[in-house]
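Welcome! Have a look at the structure first, then try each task before reading on.

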Amino acid sequence: MSHGVPEITLGFLTFNLSTVLMLLITAAIVFIIAVVATRNLKLKPTGMQNFFEWIMDFVRGIINSNMDWKTGGRFHILGITLIMFIAVGNLLGLPLGGVYIYGDLWWKSPTADPVVTMTLASMVMVLATYYGIRMRGAKHYFKTFIQPMPFMFPLKIIEEFANTLTLGLRLYGNIYAGEILLGLLAGLAGSGILGFIGAIVPTMAWLGFSIFIGFIQAFIFTMLTMVYISHKVSTDH
Amino acid sequence: MFLDKFVLNAGAEAFNGGDVVATLVIFLVLMFLLKKFAWGPLMGVMKQREELVASEIDAAENARKEAAKTLEEQKALLKEARTEAQTIVESAKKQGDIQRDEIISAARAEANRLKESAVREIETEKEKAILAVREEVVSLSVLAASKVLGKEISEEDNSALIKETIAKAGEAK
């Protein structure tokens with residue numbers, strides 16, 4: 001059974017339609033959940049509003065642990081959107097993990113695609129650099145590359161790329177690995193009656209673990225985003 | 001290969017520039033929309049609540065101070081009232097004592113006066129009685145004497161004679 005990806009090329013841009021579809025679905029789910037939860041706002045919160053206020057406070061806690069709120073407050077919305085988007089994206093691949101239509105893989109986590117995660121990671125690093133230069137000045141920004149010692153310069157250059165790579169690939173690796181194992185277990189379950197019985201318990205265990213991983217990775221991505229941004233914008237080093 | 005179908009991106013050959021654009025556009029549009037429709041209002045409500053809580057705390061603090069002040073006032077008033085009541089009770093007691101003494105002395109005086117008037121009356125009654133007895137004795141004596149003498153002496157002489165005698169007898173007595 002051959003498998004592929006549904007790709008189309010428009011001009012010089014190649015689109016993986018499955019990735020685009022899953023990104024859109026993720027964004028739609030996040031948007032619908034968020035809007036439904038905040039549609040009926042009350043001073044005394046109930047139900048979903050409580051949950052979203054908890055998320056906001058959680059992200060506020062992440063930011064506060066890296067920089068003071070005066071600097072970090074502007075990244076609050078970025079943080080909440082990132083954590084929601086990545087968490088939903090991570091979980092999205094679980095229920096229908098690997099749906100093939102005409103040999104093409106359509107349903108997967110958008111975050112199981114290295115292009116998506118690396119794009120998000122690069123976006124974070126570009127934002128960090130932009131805000132670093134805007135808030136501290138270009139001179140200070142370039143000075144950080146030769147601090148504390150000038151010979152650190154090559155290491156600092158490598159660090160920039162290493163940060164971006166690890167940020168994106170950590171997320172990709174975790175989710176991708178989870179989906180592969182889930183796919184293997186699904187293949188085992190589909191191989192016969194014995195295989196089905198044998199696959200039930202490991203599949204349930206791995207699904208539970210994947211849900212846990214999905215939330216943890218969303219948290220780690222947001223946390224590291226704030227860490228990297230605070231490296232660039234905060235004044236205390 | 002059996003495992004090939006699990007390699008999710010095995011079919012991709014070139015770098016997917018379109019995915020990068022799609023990811024960025026979708027994420028940024030999502031962020032913008034959420035800011036406008038979800039996070040913004042939610043943050044507004046949370047800020048509003050913060051302000052409400054702060055103002056409520058202020059109000060509670062003010063109310064507490066006000067209550068403490070009122071309590072102090074009430075205590076002072078109560079103390080004042082108590083001392084006032086005490087002075088009133090004391091003065092009333094004093095007044096009562098004075099009145100009692102007055103009433104007793106007035107009653108005593110009245111009793112004395114009554115006694116004296118009674119004594120005086122008795123005295124006068126006694127005098128009157130004595131006088132009456134004296135008159136009677138005189139007339140009896142005259143009657144007796146005229147009976148004894150068998151003749152009439154002039155009433156005036158006789159009477160004067162007897163009165164003299166009786167007066168002598170009274171002195172001698």
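## Exercise 1: A salt bridge

B:Arg49 and A:Glu53 form a salt bridge, with their closest N and O atoms 2.6 Å apart. This is a predicted model, in which local features need pLDDT of at least 70 and side-chain atom pairs count only at pLDDT 80 or more, while totals for chains, interfaces and linings use all residues. Residues are numbered from 1 along each chain as its sequence is written, chains are lettered from A in the order in which they are written, and side-chain values use heavy atoms, leaving out hydrogens and water.

Task: How many salt bridges are there between chain B and chain A?

Solution: 
- Step 1. Look for a side-chain nitrogen of Lys or Arg within 4 Å of a carboxyl oxygen of Asp or Glu.
- Step 2. Count them between chain B and chain A: there is one salt bridge.

## Exercise 2: The interface

Task: Find how many residues each chain brings to the contact, and the area buried.

Solution: 
- Step 1. Taking contact as heavy atoms within 4.5 Å, chain A gives 52 residues and chain B gives 39.
- Step 2. Chain B and chain A bury about 4,200 Å² between them (accessible area lost on being put together, 1.4 Å probe, summed over both).
- Step 3. Carbon and sulfur atoms hold 76% of that buried area.

## Exercise 3: Inside chain A

Task: What share of the 237 residues of chain A counts as buried?

Solution: 
- Step 1. Apply the cut-off for buried: under 20% relative accessible area, with a 1.4 Å probe and protein chains only.
- Step 2. The share in chain A is 45%.

Technical notes:
Buried < 20%, exposed > 50% of the residue type's maximum accessible area, 1.4 Å probe, protein only. Buried area = accessible area lost by both parts, 1.4 Å probe.
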